[in-house]
Amino acid sequence: MNSRSLSILRFIALALCIEIPLILSYFWMTGDFSVPRFNVWPISEWLINYQAGFIRRGLLGEILLRIYGPSGLIRPLYIAMFFSYVIYTATFILVYLKSGIRNGNVLLVAILIQGGIFHMGMTSDFYTRKENIFLIFFAIQCLLYLQIKSAPISFQKYWLGIYLASLFIVTPSLVLVHEAYIFLSFPISALLLWILALERPQDRYLRLAVGLLFCETLIIFLICSVFHGDIAMSQLIWDSLSLTDRLQLSPAAPYSTFGAIGSLGWGFNQHLSTLYGVVSSGGIFIWIFFAFGNALVLSYIYIAIDPPKINGSPSQYLHWICIGFLVLTPMFLVGSDWGRWIASISNQLILLMFVLRQSDLFFKPDMNPLPIQLSLFKRFISRTFLFWLCVAYGLIFKMPECCADLRTVFAPYMTYFSF
Amino acid sequence: MLEIWGSQIYQFLQGSFSGAYAICDQEKNTSHLDFRLNGCEKIADLDRRGVLNLNTGELLMREIRMQGDRVIQNEGRYQCRKSGLTFNFADFNHE
């Protein structure tokens, strides 16, 4: 097959992997079906509001309630979910385009990765969770970073101002959306800002901004921890929802607090017991499989981007990607939905890999290179074989969000034929 | 799913009635496990309790609360089986 045919084939594959999930998501989220469009637990989490007073996770539910009030919130929520998916897909592709990487294979495996854009739309998972808002915000930060890098010097301060303003305004809001933002996404945002501060030593205020942003985020997180809620508040929040919404979520007991709203009344020990469930249910082996699979895809992307050697030393690129990974791992000790954490970390690392392609650090030698050198890996496995392995992994399996068992690890293609 | 940890019972897989329950009268009663939300003292506005028959596995969950001048009562009956120290989410049809 000649290179032109390959390019056409790659373009068709990319178009299908983006368009089919988008179309599916549109019809699923806006169509008239009797069943809930995604798991009732995350639906109930979006509906947490301030009707029982200030409480963690209540910001977006309160906004929804103020806008749509007694007419029911679930249908507008479905439409909002679809748009959040479209926005994430658009920002992800924009980051890829602006990163200067021109490699369709990289984009294809980045979309097909478990928990990535393809699987989001095909299964209504991941993008229907609050971390999709975090992903969108990180992608926007990446775009602003790239804009600062590419703008003429006279405009750089302007874009830098927008970048900092968005960080200081949106970050605390996202902690109010879900306090786990501080573990799930804030560390990589702070890392990107730190990298920018290293690249611009003349702007000493950027280092100060990292410290201030951390303090601001920590204060809001501590406030949310104090106002974590109890069973009485969760019942009041549940009662504030319309009966039609409550019947859709919990037809058997519409007057009893339910799902994520009910979990506001949980104590610390009960949250820890869900972590124990990761081990006692055997799910940990499934998560190890998907963590390994996603690491394989990230390795392929790294190898395909192929950072240069500078005076015989490796580029700092891998060093910063590994730091990005390390700062996001504490989430595995905080919550039991390990599929969500693997997806979120993978998507954010892909964005970081795209954006650091334009970083000055990409062309700086690493004086203390990490012992992990993926070039050794390249000797044993061909790039083409690894690419097809990543594609097969992306198409055959389907990583669950949580509560893993062996029934749920394969892509459910037969389900689509039953509609 | 009921998870027993010392003098506490946790329930989260069923969306309603989730929470941490205190086991009440453990010494007196060997055939039934009686557990209550928010400790064993009855709370004025919300009383949620469960009674598990250890011989037959029958579980009764009952919640009574006041909403204004109304009394709202929910009740559910479940059939349980002991799974030991491990479980599988497939057993709960949980996806």
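1. Axes here are lines fitted to C-alpha atoms, for helices over the stretch in contact, and angles run from 0 to 180 degrees between N-to-C directions. The model is predicted. With that in hand, take helix α7 (residues 131-150) and helix α19 (residues 338-355), both of chain A: their axes come within 10 Å and cross at roughly 10 degrees. Angles under 35 degrees count as roughly parallel. α7(A) and α19(A) are therefore roughly parallel to each other.

2. Which residues of α7(A) and α19(A) meet? From α7(A) come E131(A), L135(A), F138(A), A139(A), C142(A), Y145(A) and L146(A). From α19(A) come R340(A), S344(A), N347(A), Q348(A), L351(A), F354(A) and V355(A). By class, this contact of α7(A) with α19(A) holds nine nonpolar, three polar and two charged residues. A general point applies to such lists: an α-helix has 3.6 residues a turn, so residues three or four places apart point the same way.

3. On the α1(A) side, R10(A), A13(A), L14(A), C17(A) and I18(A) take part. They meet G104(A), L107(A), L108(A), I111(A) and L112(A) of α5(A). The contact of α1(A) with α5(A) divides into eight nonpolar, one polar and one charged residue.

4. Now chain B. Chain B has zero helices and seven strands. Its C-alpha atoms fill a box of roughly 45 × 35 × 20 Å along the principal axes. Of the 95 residues in chain B, 22% are buried. Take the contacts in chain B between residues at least 6 apart in sequence: 14% of them join residues at least 24 apart.

5. One pairing in detail: β4(B) and β5(B) are antiparallel over five bridges. R36(B) has R49(B), in β5(B), as its bridge partner.

6. The contact between the chains takes 29 residues from chain A and 26 residues from chain B. On the chain A side, the elements giving two or more residues are α2 (40-46), α12 (231-240), α14 (259-262) and α15 (268-280). α15(A) gives the most, with five residues. By class, the chain A side has 10 nonpolar, 16 polar and three charged residues.

7. Two chain A helices lie across the strands of chain B.

8. Which residues of α12(A) are buried? They are I231(A), M233(A), S234(A), Q235(A), I237(A) and W238(A). The buried residues of α12(A) pack against elements of both chains: α13 (243-249) and α14 of chain A, and β3 (19-24), β4 (32-37) and β5 (46-53) of chain B.

How values were computed
Residues numbered from 1 in each chain as written. Chains lettered and ligands numbered in written order. Predicted model: local features only at pLDDT ≥ 70, side-chain atom pairs only at ≥ 80, totals over all residues. Helix = DSSP H or I, 4+ residues; strand = E, 2+ residues; numbered from the N terminus. Parallel < 35°, antiparallel > 145°, perpendicular 65-115°, else oblique. Contact = placed C-beta atoms within 7 Å. Nonpolar A, V, L, I, M, F, W, Y, C, P; charged D, E, K, R; others polar. Buried ≥ 20, exposed ≤ 12 C-beta atoms within 10 Å, placed from the backbone. Pairing = 2+ DSSP bridges.
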